[in-house]
Amino acid sequence: MNDDEFATCPYNVSHRVPRSRLQHHLVKCQKSNPGLWICPFNATHRCPEHLKQNHYNTCPDRPIEIPLPKAKEAQNGTIGAITKPKPLLQKDYLPEDDPDCEYWD
Amino acid sequence: MLTQKVNKAGEMADPMRGRGRGLALLQALKKTQMVSSDEATSESSPDASATPSMAPSAIGTVSPSLLGTSSASVPPSVCSSSTSGATSIGGRGKMAAMLLAKAQQKPGGPVTFTPAGDGSPAALPQMKGAGRGLKLLQSLQASKAAGDSQSPKPDVQQITEKMAETSVSATFKPPGDEPKRKLYREVKDTPPVTRKGTSGTPVQVTANYIYLNFEENSVYEYEVRYDPDQDYRNLRFKLLAEHRQYFKEKTFDGTTLYLPHRLPEEAHNLVSTNPFDNSKVRINIVFRRTRKLSEMIHIYNVIFKCIMKDLQLVRINRDHFNDKAGIQIPQHKLEVWPGYVTAVDEYEGGLMLTLDSTHKVLRTQSVLSFIKETVQAEGAGWKKAIAERLVGCSVMTMYNKKMFRVDSIDDTQSPKSTFEKMVDGKPVQISFIDYYKNNYGIQIKDWDQPLLISRDSKRMPGQEKPTDFMICLIPELCQLTGLTDDQRSNFRLMKDVATYTKITPNQRHAAFKKYIETVMSNETAKSRLAGWGLSIAPETIQLTARTLQPETLYFGNNVKIPGKPNADWNGEVTRHHVMQAMDIMKWVILYTDRDKQVAHDFLETVKRSCRPMGINVADPQMVRLPNDRTDSYVINLKKVITSNIQIVVVICPSARDDRYGAIKKICCADNPVPSQVINARTLMNQNKIRAITQKILLQMNCKLGGTLWNINIPFKSAMVIGIDSHHDATRKKQSVCAFVASFNQSMTHWYSRVVFQSKGQEIVDNLKDCLVESLKHYLNVNGCLPERIIIYRDGVGDGELKILQQYEIPQMKICLSVLGGEYKPALTYIVVQKRINTRIFMKAGGGYENPNPGTVVDHGVTRRDWYDFLIVSQKVNQGTVTPTHYVVIHDSSDMTPDQCQRITYKLCHLYFNWPGTVRVPAPCQYAHKLAYLVGNSIHSQPASSLADKLFFL
C-alpha cells in the first residue's frame, strides 16, 4: 500500500487519491458529480462526452488492433496444430426424457 | 503493528491512524519542511526548491532507530522535561526523527519538533464523515425511502438493491439544532435478509458461533478534556487511570469515554498528577449523550479484546495465542502455539461471537544461531547465503512478542554500536547492549553479531510520498517464525506439524468449549462482561443444515455413475472412457539425457493406459536434450513446434521456476501450442507411475479441448463466468486478473481472458472488454447469446462487497447494452469467499464430524443484510473442513435461492484437474489457476488461439 502512486480524480481535479483507492473513490465521486463517459477499456478512465472519441482512440489500455490474429502470431513464430473444441450437447449423454434430466427454465 | 501496540497499551481501539514512531518522524519531517520553507520566504530567497527534496532525502538519512522503544517505554523525562519548542516525541521513530532534524538543521535556523500528538490533533477527527460522505448517505436514504414507498413487492433485485442502501454504520443528520453532531447507528432497523433453500436432506449441525445475550443497557458517552492539554496518548490514559475508582468498566480512546453507568457529579472535574514531572493536570469530563448498548457493536469487539488480555493470551496481529500452552516439536526445532480468533457481529440469528481456534508455528531457533549455522555450512559465501535465507522472513522479538519483517542484514553494526537517545532532554549516545540491559534487563551475550534491519514506511497525511524508517533488531533476541520452503517440502516435518495444526472437528469443538469455560471461570473476564450487562451462551449455536443430493456423473460410452455421498470419483475416472476424447496423433516428448529411462517408462505407461480411457495415442517424436539448461529447452522447443504438432510434453529433471516459466512462455504466448511439463521425479516411483501417468493423460486431453465427464446442467442457455485475481507476493509486479467463461450448454468448455492491472488491485477495471469478447465467442459457437449470465467472483473481502456492487456490476450492465438494445440477460453476481472463520460441524454419535460435501447452511450464521449461504463442497481427509461463503450481491434472474445453491454446488463438480468436488465452483478454480500461471510464469497475455481451451491446467 505504501508504494503506490497517486492519481487525480476525473470528477474533481483537487481530489488526489492513492491509485489503489481510486476505484473506491470513483464510486463515491460519481454520485455527486455529473455523469462522465466511462471508457470501455478501463473503467477508471472517465471523460466528458465531447472528448470521448479522442480518448477512445488514444486510450493506453486499448488493445492493440489485430486485423488477423493468426497472421500476427505467424510473424512471431510457428504455432501448433490447434483445433477448436468440438461442441458437445447434453442431449448426447442425457436425453431429455431421462428422469435425471432436469431443466429449470 | 504499531497501532496495535499502542492500542494494547491503552486497551482501546482507536480510529486514528499514525502514532508512535511513524508519526513522530513524519511530523518532525513536516515541521522541518515548514520551517525551511518559512525561512525561504522570509529571507525571500529562491530556496523553496529545498522543500520537495526533503522527503526523498529522509529515506537515506534515517538512522538506526531502535527496536522495542514503544511509546510506553519512553523514559518519562523525555515527555515531561520538554520545553515549549523542544522535542517530546513518543515512539520508536523518535531517534530517527531527531537525527533527521539534526541533519537538516541549518546554522541559525531553529528546528522545532512537534510533539508526537498521541492524543488527537483537535481539528482532524472532526472532519470525519462530514461533507461529501454525509451527503452521499443522505441522498441514499432519500432514494431508499422513495424506493420503498413505490414498490412494496420485494423481489430479488430489490433485495440486492436494498442491501446496497443499508449501510453497516449508517450516518444520518438528526433533524435538530446540532448539524455537526452525527449519530452512528450500528444496529439496523431493516429486517434481516432471509433467503432459504428447500431441497436436500436435513442434518443437525453446529457452528463456531456463540450467542451473546445482553441486557439492553445505556452507554454513557463522555468527552475527556485535559488542562493543560496533553498530546501524549499514553499519558492521557495514565492520567485518567489515576481515578480508577470511578470507572470500573470503561472504553476510552483518548478523547471519548464510554461507561456503562452514569458518572457521579464529583468525578466531572478531576485533578491528576503527571507522573513524569509531578505537575497537576485538570481533567474535565463532559457528558455528551446516552446511547443504547445494542447500537454499538464495536464496543463488544473491544470488550472481547480485553478479555483475551484477561486470559493472558499474547496478541500477534489480530489473533491471540497462548504462549504458555505451546507444543514443542523438538525433532524439527519447532513450536506450535494454540490461539483464538474472535469477532462479534450481528448475524441473521442475532448478536453472536465467532470463535475459531488457530495456530502459530514458531521456530525455537534464534536468528543468531541460525546465522551461525549458516556461517558454518557456507564458509566464505555466508553473507549471500544468509541474505537469501533471511530477507523476507518474519521474525518475532522474544521480549515483547512483536513481529518484524527482515529487509536486510547490516554487518557494519553490532550490539556495541550506539544510537542517540533522549535522556533528560539531552541526546545521549547509548549502545544496544546498555539499552537492552536498562530497559528489558536482557544481557546480550554475543557482542559481535550483525544487526537485522526492518524497514517500514508510512505515508503522512497531506503528503503523497511515503517516508521510510528503519528498525534495528538484535538477532540473538529474535526468533524465526513460519516455515521455510525447505521445511515445507519436508514431508515428515509437515506431517508432524499437521498433527497439531490440523485438528479434527471434535478437538476444535472442545477448544471452543474450553474457551467458553475459561471465560466463565475467569473472575476478571466475568466481571468485565457483567459490568457491561453481557453474557455468553454456554453452547455453540444449533442449526439445521441441508445436504444436497449427490450429483450423477456421465462418462463416455454412455456410462452413468450415480453420485456418492463423499463426492469422489477417483477410481471411475481412469476406468471409463472420457466423455470427449482428443486423439493425440502428432506430439513431442522433450527430455534430458539423464531422464532417458523416465521418458521411456512414461511413454510405455501412456500406451498401456490410454485404451481404457478411450484416447488414441500415436508414437511421439522423441527429442533428447544434451543438458538441462533453460536455453537448451528454449532452443529445442522453438525447433520442434511446427504447425502440425498437437501437444508438447517436456520432462524436466527438477522443479525450477525459471525453467518452467520459460517453457510456458513459449508454449502459451510466443509459439502457442498445448504443453505439458512433467517433473521427472514424480515419475521415478515405480509404484505410482501408473496413477500419475493416467492423471497426466487426462490433463493432456483437457488441454487439447476434450471433456472428461459431464453432469446435468439445468439451464438451456446460460453462461457461467469465474473471475479471480493473482497478486504478486512481493508486490513488485502487476496484478493479474483472469476471466473464464463457459461457452457450451453443459459448461465443460471454457473461454479465458487475462487482464493486467496495477499492483495489489482487486477490483477489475477492464471487465467490459472481457465480457464482450466471451459473449462474442458464445455467439460464434452457439449462434445465440446466453439468456442468463452467472458470475462467480473470488477474492473479495467483506469491506469491498459494496464497492464491487457499485463498480463492477455497472460495468457489466453497460457492456450488455452495447451488445444490442434487445439483449437483456438475467445477471447473477455471486462473490465467493473461501478464507473465512466460519466452521460447520455435523453431529454424529456423541461427537462431531465434518459435514458431507453438499451441505448448505443458509440461515442463522449468515450475514444479516446480504442474500448469502455457506456450502461445504469438498471432502477433506484431515482436519476440519472450511465451508465456502457465497454472497449474491446482484440477481436480476428468477432463480430461487434453492436453485442458486444447487447450481453452485453442481459447478463444484466440473474442475477437471480433480476427480471430485472442489471448494469453489469450477470457473473460479480455473480462473485462479490461469491467474496464477500468468502471474507466476508467463507474465504476458496468453495467445488468443488457446483461449477456448483449458491450456492452463
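This is a predicted model: local features need pLDDT of at least 70, side-chain atom pairs count only at pLDDT 80 or more; totals for chains, interfaces and linings use all residues.
Two residues are in contact when heavy atoms of theirs lie within 4.5 Å. Thr256(B) belongs to strand E8 of chain B, which covers residues 256-259. Leaving aside residues up to four places away in sequence, Thr256(B) touches Glu221(B), Tyr222(B), Thr251(B) and Arg288(B).

Is Thr256(B) buried or exposed? The relative accessible area of Thr256(B) is 12%, and buried means under 20%, so Thr256(B) is buried.

An α-helix has 3.6 residues a turn, so residues three or four places apart point the same way.

## Helix H21 and its surroundings

Helix H21 of chain B has 14 residues, 657-670. At 1.5 Å a residue they should span 20 Å, and the end C-alpha atoms are 18 Å apart, which agrees.

The buried residues of H21(B) are Arg659(B), Gly661(B), Ile663(B), Lys664(B), Ile666(B), Cys667(B), Cys668(B) and Ala669(B). Both Arg659(B) and Lys664(B) are on that buried list. The packing partners of these buried residues in chain B include the helices H20 (630-640), H23 (689-703) and H27 (922-938). Strands E30 (647-652) and E31 (675-679) of chain B also pack against the buried residues of H21(B).

## Strand E5 and its partners

Strand E5 of chain B (residues 209-214) runs antiparallel to strand E15 (residues 350-366) of chain B, and three bridges join them. In this pairing, Tyr209(B) stands opposite Thr354(B) of E15(B).

E5(B) is also joined by three bridges to strand E24 (residues 534-536) of chain B, again in an antiparallel arrangement. Here Leu212(B) has Ile536(B) in E24(B) as its bridge partner.

## Aromatic rings and charges

Over all chains, the structure holds 26 aromatic pairs. One of them is the edge-to-face pair of Trp104(A) and Phe715(B), 5.4 Å centre to centre with 85° between the planes. This pair crosses between chains: Trp104(A) sits in the segment after helix H4 (90-93) of chain A, and Phe715(B) in the loop between H23 and strand E32 (718-726) of chain B. Trp104(A) counts as buried at 17% relative accessibility, and Phe715(B) counts as buried at 1%. Within chain B, the ring centres of Phe951(B) and Phe952(B) are 5.3 Å apart and the planes are at 80°, so the pair is edge-to-face. Phe951(B) and Phe952(B) are both buried.

Which residues do ring pairs link into a cluster? They are Tyr399(B), Phe419(B), Phe432(B), Tyr435(B), Tyr436(B) and Tyr440(B). Arginines meet rings as well: Arg195(B) lies over the face of Tyr867(B), 4.7 Å from the ring centre, and Arg363(B) lies over the face of Phe370(B), 5.9 Å from the ring centre.

Notes: Residues are numbered from 1 along each chain as its sequence is written. Chains are lettered from A and ligands numbered from 1 in the order in which they are written. Side-chain values use heavy atoms; hydrogens and water are left out. Helices (H or I, at least four residues) and strands (E, at least two) are DSSP runs, numbered from the N terminus. The expected span of a helix is 1.5 Å times one less than its number of residues. Buried means under 20% relative accessible area, exposed over 50%, partly exposed in between (1.4 Å probe, protein chains only). Two strands pair if DSSP finds at least two bridges between them. Rings of Phe, Tyr and Trp (its six-membered ring) pair if their centres lie within 6.5 Å; planes under 30 degrees apart count as stacked, over 60 as edge-to-face and the rest as tilted. A charge sits over a ring if NZ of Lys or CZ of Arg is within 6 Å of the ring centre and within 35 degrees of the ring normal.
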